[in-house]
Amino acid sequence: MSSGGVVCVGCSLPASLQCPKCLSLGLPPAVSSFCTQECFKKNWASHKAIHKLAKASSKGNSDEPADGWGYAIDRGSRRTATMPAFPYPGALRPAHVGPTRSVPANVVKTDYALTGIPVSEEESRQQRIVPVRTEEEIARLRAVCRLGREVIDAAHRAVKPGVTTDEIDRVVHEVTVAGGGYPSPLNYYNFPKSCCTSVNEIICHGIPDKRPLEEGDIVNVDISVYRDGMHADLNETFVVGDNDKVSDEAKQIVLAAYQCLFKAISLVKPGVRFRDFGDAIQSVANRKGLGVTRTYCGHGIGELFHCAPNIPHYAKNKAIGAAKAGHVFTIEPMINGKSWRDVMWPDGWTASTEDGRLSAQFEHTILVTEDGYELLTGRTPESPPLWWEKSKEEGGL
């Protein structure tokens, strides 16, 4: 799950200020953060339109469904029977979201599992200082990342035409808790489900719902699990149905996202600057005429779901610091069909491309070693094949 709210919505520089009106409306940092007062004032005329949308959504959609199934609003904390009025950029529309799934009492939970507020994350010095992990911490990270790999592989096997993303969420939830883990997204700032499922033009943080997947779709499944005091984070984008029923455009953007990620990963070693990953990713995307999302970034991970360092994925970013042996962080570029800009749906989580073009993403949790890196969430021989791997098996590539 990507870290958001770290860049200015006006100019994409690092941001530490948040619009007070957005705060009162409960809008997320990703759509309300600014780098300076000057930038806030400069963008006020266009920015204030989101306040009207938020108010209209709140006024017109307060009819809570009796069965708990409805359209998600208020950052996923409530449901409404009426689809929020909104100029959705692409063909995809939200569908009903079900009740939050329960976690067995014997599973150790995060500090936000009940309140929705990750207090330890907000107050930790790890937001400023990147920890160098001990061998004992690394052992726990390896173990939880192996569980994360098992969970995403189970989710991949469930991806078929006609299967809803809510059903994928059920699989993710059950495999996670069966492994003794807590699904990290669940109730993180009120996120209502146990994973993120982002279909077609959705960049990230899509909420699993009742819409059945269709042949030719692409779907990103973002998995985060917490066990033994540590989080793991990874995601992959899958094609839905047979390869020959999926457009070349869809297959190529999925492959491009994978290539962008591994171009960046190839640089990981002690001394590499965190800002350099974005240059590598952007160079691959530019050659293919694709956009790199700037609003969301990779992040440190461990006892906290999100912490330092920030890992922007675009070129000429201003990320501070360099990798050291023992650092653990994610790289997770989101690659769009054209424009890098995103639009937030009224649910407060779902980020869509601004032009309705497709988007794809891959993510790994990575340990910096003395001479390079270790891919903690790497694929195994048992992992279901990605579309190009399947084509090779079938003699198509």
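**View 1. Antiparallel pairing of strand 10 with strand 14.** In this predicted model, strand 10 and strand 14 (residues 334-336) are joined by 2 bridges in the antiparallel sense; strands are DSSP runs of E of at least two residues and helices runs of H or I of at least four, numbered from the N terminus, and two strands pair if DSSP finds at least two bridges between them. V292 has I335 of strand 14 as its bridge partner. The open sheet to which these elements belong has 3 strands in the order 10-14-17, with antiparallel pairing. Its edges are strand 10 (291-292) and strand 17 (359-361); each has a single partner strand, so one side of each lacks a neighbour in the sheet. Helix 8 lies across strand 14 and strand 17, at about 40° to strand 17. Residue numbers start from 1 along each chain as its sequence is written, and side-chain values rest on heavy atoms, with hydrogens and water left out. As this is a predicted model, local features require pLDDT of at least 70 and side-chain atom pairs count only at pLDDT 80 or more, while totals for chains, interfaces and linings use all residues.

**View 2. The crossing of helix 8 and helix 9.** The axes of helix 8 (residues 248-265) and helix 9 (residues 276-287) come within 8 Å and cross at roughly 145°; axes are lines fitted to C-alpha atoms, for helices over the stretch in contact, and angles run from 0 to 180 degrees between N-to-C directions. The crossing is right-handed, a term for a near helix turned clockwise from the far one by less than a right angle. Helix 8 contributes Q259, C260, K263 and A264 to the contact, and helix 9 contributes F277, A280, I281, V284 and A285; contact means heavy atoms within 4.5 Å. By class, the contact residues comprise 7 nonpolar, 1 polar and 1 charged, where Ala, Val, Leu, Ile, Met, Phe, Trp, Tyr, Cys and Pro count as nonpolar, Asp, Glu, Lys and Arg as charged, and the others, Gly among them, as polar.

**View 3. The hairpin of strand 8 and strand 9.** Strand 8 (residues 218-227) and strand 9 pair in the antiparallel sense over 10 bridges, and I218 stands opposite V239 of strand 9. There are 2 residues between the two strands, and D228 in the turn has a positive phi of about 55°. In strand 9 (residues 230-239), 10 of the 10 residues are buried, so this strand is largely enclosed by the rest of the structure; buried means under 20% relative accessible area, exposed over 50% and partly exposed in between (1.4 Å probe, protein chains only). M230, A232, L234, E236 and F238 point one way from strand 9, whereas H231, D233, N235, T237 and V239 point the other way.

View 4. S224 counts as buried, at 1% relative accessibility. The side chains of S224 and D233 are joined by a polar contact of 2.8 Å; such a contact is a pair of N or O atoms within 3.5 Å, and within protein one must be able to donate a hydrogen and the other to accept it, with residues adjacent in sequence counted only if both atoms are side-chain atoms. Neighbours within four places in sequence aside, S224 is in contact with M1, Y182, P183, S184, P185, A232, D233 and F305.

View 5. With a relative accessible area of 3%, T237 is buried. Its side chain makes a polar contact of 3.0 Å with the side chain of N220, and the T237 side chain also reaches the backbone oxygen of Q361 at 2.6 Å. Residues touching T237, beyond four places away in sequence, include V254, A360, F362 and L386. W387 is 150 residues from T237 in sequence, but the C-alpha to C-alpha separation is 9.6 Å.

**View 6. Strand 18 between its pairing partners, strand 13 and strand 19.** Strand 13 (residues 328-331) runs antiparallel to strand 18, with 4 bridges, and I331 has H364 as its bridge partner. Strand 18 and strand 19 (residues 372-375) are likewise antiparallel and joined by 4 bridges, with L367 opposite E374. A hairpin of 2 residues connects strand 18 to strand 19. In strand 18 (residues 364-369), 6 of the 6 residues are buried, so the strand is largely enclosed by the rest of the structure. H364, I366 and V368 point one way, and T365, L367 and T369 the other way.
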